[in-house]
Amino acid sequence: MTTNATTPGTASPTGTPARAAIERVGVVGSGIMGTGIAELCAKSGLDVRVAVFSETSLDTAPERLAASLDRGVAKGKLTPADRDRALARVSFTRDLGRLADRQLVIEAVKEDEALKQDLFATLDKIVEDTDAILATNTSSIPISRIAAATRRPAQVLGIHFFNPVPVLPLVEVVGSVLTDAAVVRRAETFVRDVLGKQPIVSPDRAGFLVNALLFPYLLSAVRMLESGHADADTIDQAMTQGCSHPMGPLRLADLIGLDTTVSIAQALYEEYKEPLYAPPPLLMRMTESGLLGKKTGQGFHTYA
Ligand code: 3HC
């Protein structure tokens with residue numbers, strides 16, 4: 001296995017005690033992002049424990065993970081033995097307390113600030129006597145507001161993955177004003193050398209870099225549809241064929257989830273008070289009506 005630090009207990013060349021390599025990771029949440037992060041960590045040789053919130057998720061989360069790994073096997077990217085080894089590295093629990101021995105916990109629950117703050121306050125107590133890093137995969141909520149719920153803000157940061165996690169190479173690493181610079185460096189090294197992704201350090205502003213750029217574009221597409229500029233297929237075609245994007249903005253919003261899209265837009269609007277970040281009425285009505293995109297089978301497009 002690739003490691004990102006020297007052997008536990010040895011000294012670094014500068015004489016400061018070396019940190020143990022991150023080998024035990026916790027993931028909180030088993031939605032699309034949580035499962036993708038667990039898959040990536042398991043394929044990178046890490047011991048992964050996923051905390052879920054319902055009995056049902058104890059069945060569905062392993063199935064989702066196995067299905068994604070099977071897809072890798074079908075595409076010839078993974079051998080059946082690699083898949084089995086990755087699956088064996090992941091355990092699932094309903095008990096957050098079982099994350100007590102984790103060196104890094106990555107939270108990937110829904111985009112709800114109060115929920116994340118409660119969770120971080122709880123995780124803080126669970127890893128109390130350790131130097132564990134607590135990371136959030138939030139898409140838009142400033143890290144400092146989540147870190148404020150803990151007594152270890154120096155050990156809290158954002159590690160923001162992109163959907164689908166197994167495919168997209170970028171990861172944003174986001175420290176707050178209180179995050180220890182060494183923790184940010186450790187996370188960058190981990191993302192690059194252990195997970196094999198490309199880290200960038202992004203500012204602790206709502207939406208960081210990627211979503212602050214992406215969302216005005218996605219929301220403009222919704223406004224175009226709403227005002228009758230063009231239909232959904234034509235808007236998407238404009239960007240796939242006109243700009244060679246892998247998918248158009250409305251299909252991408254469906255992939256992200258329209259509820260998540262609303263939450264991110266609201267966080268951006270709250271931060272900047274710019275109309276371009278405000279969620280358009282059509283998006284609000286669709287979300288309120290349960291049309292959440294690909295995960296519910298219906299958003300701007302229909303899915304089997
Ligand atoms: N797991 C593993 N591999 C997957 C996968 C998954 N869930 N989904 C797709 N792949 C692989 C496929 O196996 C395939 O590999 P191959 O080319 O070696 O055969 C490759 O990815 C392409 O997949 P497909 O052929 O099935 O489908 P497409 O060519 O249509 O690509 C896509 C699908 C990868 C989703 C592509 O359309 C894409 O990159 N879209 C843009 C996605 C994007 O912008 N994501 C960012 C969203 S913003 C975000 O996540 C931030 C958050 O905070 C909101």
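Q: Leaving aside its neighbours within four places in sequence, with which residues is Asn 211 in contact?
A: The model is predicted. Contact here means heavy atoms within 4.5 Å. Beyond its neighbours within four places in sequence, Asn 211 touches Ser 139, His 160, Pro 216, Ile 264 and Leu 268. Asn 211 belongs to helix α7, residues 210-226.

Q: Is Asn 211 buried or exposed?
A: A residue is called buried when its relative accessible area is under 20%. Asn 211 has a relative accessible area of 5%, so it is buried.

Q: How is the burial of Ile 146 read, and what does Ile 146 contact?
A: The cut-off for buried is under 20% relative accessible area. At 0%, Ile 146 is buried. Ile 146 sits in helix α5, residues 143-147. Apart from neighbours within four places in sequence, Ile 146 has contacts with Lys 116, Gln 117, Phe 120, Thr 136, Thr 138 and Ile 141. As for separation, Ile 146 and Gly 299 are 153 residues apart along the chain, and 30 Å lies between their C-alpha atoms.

Q: What is the strand order of the open sheet?
A: A sheet is read through the pairing of its strands, and two strands pair if at least two bridges are found between them. Here 8 strands form an open sheet in the order β3-β2-β1-β4-β5-β6-β7-β8, and the pairing is mixed. Because β3 (90-93) and β8 (198-201) each have a single partner strand, they stand at the edges, and one side of each lacks a neighbour in the sheet. On average, neighbouring strands of this sheet are turned by 25 degrees against each other, direction ignored.

Q: How many bridges join β7 to β8?
A: Strand β7 (residues 170-175) and β8 run parallel and are joined by 4 bridges. Within this pairing, Glu 172 has Ile 200 in β8 as its bridge partner.

Q: Which strands does helix α6 lie across?
A: Helix α6, residues 181-194, lies across β1 (24-28), β4 (104-107), β5 (133-136), β6 (156-160), β7 and β8. Relative to β7, helix α6 runs at about 170 degrees.

Q: How is the packing of helices α8 and α9 described?
A: Two packed helices are described by the angle between their axes and the distance between the axes. The axes of α8 (residues 232-243) and α9 (residues 249-256) come within 7 Å and cross at roughly 100 degrees. An angle of 65 to 115 degrees counts as roughly perpendicular. The two helices, α8 and α9, are therefore roughly perpendicular to each other. On the α8 side, Ala 232, Ile 235, Asp 236 and Met 239 meet Pro 249, Leu 250 and Arg 251 of α9. By class, this contact holds 5 nonpolar, no polar and 2 charged residues.

Q: Which backbone details deserve a reading in the loops?
A: Pro 164 is in the loop between β6 and β7. Another concerns positive phi in a residue other than glycine, as in Ser 244, whose phi is near 60 degrees. Ser 244 is placed in the loop between α8 and α9, and with 62% relative accessibility Ser 244 counts as exposed. Lys 273, not a glycine, likewise has a positive phi, of about 55 degrees. Lys 273 is located in the loop between α10 (258-272) and α11 (281-288), and at 54% relative accessibility Lys 273 counts as exposed.

Methods. Residues numbered from 1 in each chain as written. Predicted model: local features only at pLDDT ≥ 70, side-chain atom pairs only at ≥ 80, totals over all residues. Heavy atoms only, no water. Axes fitted to C-alpha atoms, helices over the stretch in contact; angles between N-to-C directions. Parallel < 35°, antiparallel > 145°, perpendicular 65-115°, else oblique. Nonpolar A, V, L, I, M, F, W, Y, C, P; charged D, E, K, R; others polar. Buried < 20%, exposed > 50% of the residue type's maximum accessible area, 1.4 Å probe, protein only.
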